[in-house]
Amino acid sequence: MNSSETASNSAGEPKIILIADDRIGQELSRRLERCQLINVSDEYDMLRELAKQECSAVIFSTPRGELKALAQAIRRLNGQVKVVAFCPPEDHSKVSGEVEDCRTYPPTQGELKLLMQELHDETTTADRRLTLTADEVTMLIAGTQSEEILIRRILELASNRLGVDFSWVTAGECPPEVEPILILPGKPAKLLVPDTPILLDEQADEIIVDLHQCVPSLLNAARRTDSLNRLAVTDYLTGAYNRRYFYHLTDRILSKAEQKGFRASLLLYDIDDFKRYNDEFGHAAGDEILRETALLIRKITREQDVVARIGGDEFAVLFWDSQQRNPDSKPLHDAWEIADRFRQAVETMAFASLGPEASGLLTISGGLATFPIHGNTCQELLRQADDALRKAKDSGKNIIHLIGRD
Amino acid sequence: MAYRVVILAERELFASDAETIQAGVVFNYASSGYEAAAELLAEPADALVLDLTRLNKKHLKLLDIARQGGAELLGMGNGGFPEGFCADDLNGMRLGSAALVRKNVLALAGQKNAISHSVEPKVRLTAGKYASETQIKQGKELATGGGGEDS
């Protein structure tokens, strides 16, 4: 390969092949700074370009047919190239199953900045694997925050149509001389303000009026969608995720963990002698115990960890983060520490419905299994964690048992 | 010398067998037009075999890629044009049943082998090598006292 065929040009800018329709292509071209864009009109031309020269990334917009086949063809020509698909939020789950790196369109300036950062890093250190932040992966795989997506899209729309960058600020952050063009209905602390002064001509006025008219109904629709999404994936009693969604989400996270080398551990726990509390204090008391302990575990775990009610008094927690697995480190340590902190917190917790005499008697037992040592899928990890949980019970309860440490 | 064929067709329709292996034909199956294009672009291919019933107008660029790479085009079909194709689009393509296309592939592979054998360079001694070998031979003859016609 000669110097002109490297993945970056002489200025160190990554070469990117962009395949998108005119409108999206123009907008991405405008916003993707510090890179050399090669615009192509269709998939075959893109493959030709890729065969001709080394590139850092191929970016395409959807909808496109046979995405999986296209991604495989790209990999056949260049195993290192980053394949990024931009798609509307409603297509995200479908597209992300076929393309490794799928992002919602329109992207924010921050997302594009992050993407460019990754590509520059790849250009300078060819063998460095990409590491997505925990927040980013959570956003990608959760895909349920439609209100947030809408808020982001409003900002994009205003920026694109009015030709200046906008930001969402709180009332306190808004300088007195700046007049917000929109206050988000139901969220009075969210104001849309231009980053630089703008001259509001007739056309701009019309756009702002349009925004005022359409945003309330769109926001209501987005909130309804969020609410339905939440109902579909959560347990009504505890607010934790339900079993079905836990399996789905965990398998997706584990698949990411496999690709990127993330750490992940699964905890399965239940309330010791839960039946006794139900029988002695009634089902309302049992429900309160489940609700309170679920609330506690959510407080103790980190934002990205996934908590779910698997059934009855049984809960599962997937601990994961974007730190790389290290053969010399103790991957279970963080997860075990959090789990044991939870166990201790339950032990000292007071439950109103049990009365003061029962305080300090309620305990939990748990079993912990680690990816990929004890399994590669949610089902395998749950089975192993269940074995560990049984050992915890056999050892006298009120214990978090680490699998393999008998 | 291998005869590399990229195939965009069901494996059952166009499978490798003892005869094709013996003829040095290597099949690379692609499951989509994109994969077939990637195969053609990744390494030089001698031929592209297509199941015409799977093609549509979007595949015209695949044919362009094959033509530009110098690959022979062979199409299997039911006699009709693929959707959105006209006669010119199939220009230069050998058409026929799977059996006929297979026969054509074997014939083309045979031709390539024949050509490559006929132009195979012969090993020739360079002047320097010829001289040193002659010297060695002469030296041996001198050491053994033989080689002289007069003796």
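**Exercise 1. Find which residues have the most contacts inside the largest nonpolar core, and which element gives the largest share of that core.**

Solution. The model is predicted: local features need pLDDT of at least 70, side-chain atom pairs count only at pLDDT 80 or more, and totals for chains, interfaces and linings use all residues. Residues are numbered from 1 along each chain as its sequence is written, while chains are lettered from A and ligands numbered from 1 in the order in which they are written.

Step 1. A nonpolar core is a set of buried Ala, Val, Leu, Ile, Met, Phe, Trp, Tyr and Cys residues joined through C-beta atoms within 7 Å. A residue is buried if 20 or more other C-beta atoms lie within 10 Å of its own, exposed if 12 or fewer, and partly exposed in between, with C-beta atoms placed from the backbone.

Step 2. The largest core holds 65 residues, and those with the most contacts inside it are Leu47(A), Val58(A), Ala37(B), Leu40(B), Leu48(B) and Val49(B). Helix 2 (residues 33-42) of chain B gives the largest share, 6 residues. Helices (H or I, at least four residues) and strands (E, at least two) are DSSP runs, numbered from the N terminus.

Step 3. Another core, of 50 residues, lies apart from this one and includes Leu267(A), Trp320(A), Ala369(A) and Ala392(A).

**Exercise 2. Describe how helix 2 of chain A packs on helix 2 of chain B.**

Solution. Step 1. The two axes come within 10 Å and cross at roughly 25°. Axes are lines fitted to C-alpha atoms, for helices over the stretch in contact, and angles run from 0 to 180 degrees between N-to-C directions.

Step 1. Helix 2 of chain A and helix 2 of chain B are therefore roughly parallel (angles under 35 degrees; over 145 is roughly antiparallel, 65 to 115 roughly perpendicular and the rest oblique).

Step 2. Chain A contributes Glu43(A), Tyr44(A), Leu47(A), Arg48(A) and Ala51(A) to the contact, and chain B contributes Tyr34(B), Ala37(B), Ala38(B), Leu41(B) and Ala42(B). Two residues are in contact if their C-beta atoms, placed from the backbone, lie within 7 Å.

Step 3. Ala, Val, Leu, Ile, Met, Phe, Trp, Tyr, Cys and Pro count as nonpolar, Asp, Glu, Lys and Arg as charged, and the others, Gly among them, as polar.

**Exercise 3. State how many residues of chain A are in contact with chain B, and which helix gives the largest share.**

Solution. Step 1. The contact joins 13 residues of chain A to 12 residues of chain B.

Step 1. Helix 2 (43-52) and helix 3 (67-77) of chain A are the elements that give two or more residues to this side. Helix 3 of chain A has the largest share, 6 residues.

Step 2. The side of chain A divides into 7 nonpolar, 1 polar and 5 charged residues.
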